[in-house]
Amino acid sequence: MHEYSTTFEGKSVKFFLFEQVTSLSRICIMNPEQRLRIRKNYSLLVQNLEAGEIADNLYTSCVIEHDDLQRVYAELTDSDKAKRLLNILITKEGGYEPLLKEIESFRPDLVKNMKDVDVEEELEKGKEKGNYT
């Protein structure tokens, strides 16, 4: 909740803004290994994803919500659509495997990159620093 004060027509006015959680699935997040695999391939994914088609398919298979789909399509460029989609999926528990399946149908080489990236050492370092649980 955020509290704001202003004056309107010479009177002091207070108002509050509440951030609404519109989907319980946004509370859950992808596991650290999956997030790190996306992070390590982020630039490659942003440059090469067919984000609109993938978002359509993920919506059809109930992985993302309608408002998520709208947020992807609100972006103007393909790379911005891909960034938005990846950022949405990182907040979705169970979003990684469907994403891989969709990428596999468009660009199998990208899936190979995601699976081949070594994340174990970085995960261990992150656990030591308290970044990953």
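1. A residue counts as buried under 20% relative accessible area, as exposed over 50%, and as partly exposed in between. Arg84, at 31% relative accessibility, is therefore partly exposed. The model under discussion is predicted.

2. Arg84 forms a salt bridge with Glu75, in which the closest N and O atoms lie 2.8 Å apart. Glu75 has a relative accessible area of 19% and is therefore buried.

3. Seven salt bridges are found in a search of the whole structure. One network of salt bridges links Asp68, Arg71 and Lys92. Within it, the closest N and O atoms of Arg71 and Asp68 are 2.7 Å apart. Arg71 and Asp68 are three residues apart in helix H4, so about one helical turn separates them. Asp68 is buried, at 0% relative accessibility, whereas Arg71 is partly exposed, at 31%.

4. A salt bridge also joins the side chains of Arg107 and Asp109 (2.7 Å, N to O). Arg107 is partly exposed at 27% relative accessibility, and Asp109 is partly exposed at 39%.

5. The largest nonpolar core holds 25 residues, of which Ile38, Leu45, Ile64, Leu85, Leu89 and Ile103 touch the most other members. Helices H2, H3, H4, H5, H6 and H7 each supply at least two residues of this core. The greatest contribution, five residues, comes from H5.

6. On the surface, Glu50, Glu53, Asp56 and Asp78 gather in a patch of negative charge. Asp56 is located in helix H3 (residues 51-60) and is partly exposed, at 31% relative accessibility.

Terms used
Residues are numbered from 1 along each chain as its sequence is written. This is a predicted model: local features need pLDDT of at least 70, side-chain atom pairs count only at pLDDT 80 or more; totals for chains, interfaces and linings use all residues. Side-chain values use heavy atoms; hydrogens and water are left out. Patches are made of residues with over 30% relative accessible area and no salt bridge: like charges are joined within 9 Å, nonpolar side chains (Val, Leu, Ile, Met, Phe, Trp, Tyr) within 5 Å. Accessible areas come from the Shrake-Rupley method with a 1.4 Å probe; for residues, only the protein chains shown count as cover. A salt bridge is a side-chain nitrogen of Lys or Arg within 4 Å of a carboxyl oxygen of Asp or Glu. Lys and Arg count as positive and Asp and Glu as negative; His and the chain ends are not counted. The place of a charge is taken as NZ of Lys, CZ of Arg, CG of Asp or CD of Glu. Helices (H or I, at least four residues) and strands (E, at least two) are DSSP runs, numbered from the N terminus. Buried means under 20% relative accessible area, exposed over 50%, partly exposed in between (1.4 Å probe, protein chains only). A nonpolar core is a set of buried Ala, Val, Leu, Ile, Met, Phe, Trp, Tyr and Cys residues joined through side-chain atoms within 4.5 Å.
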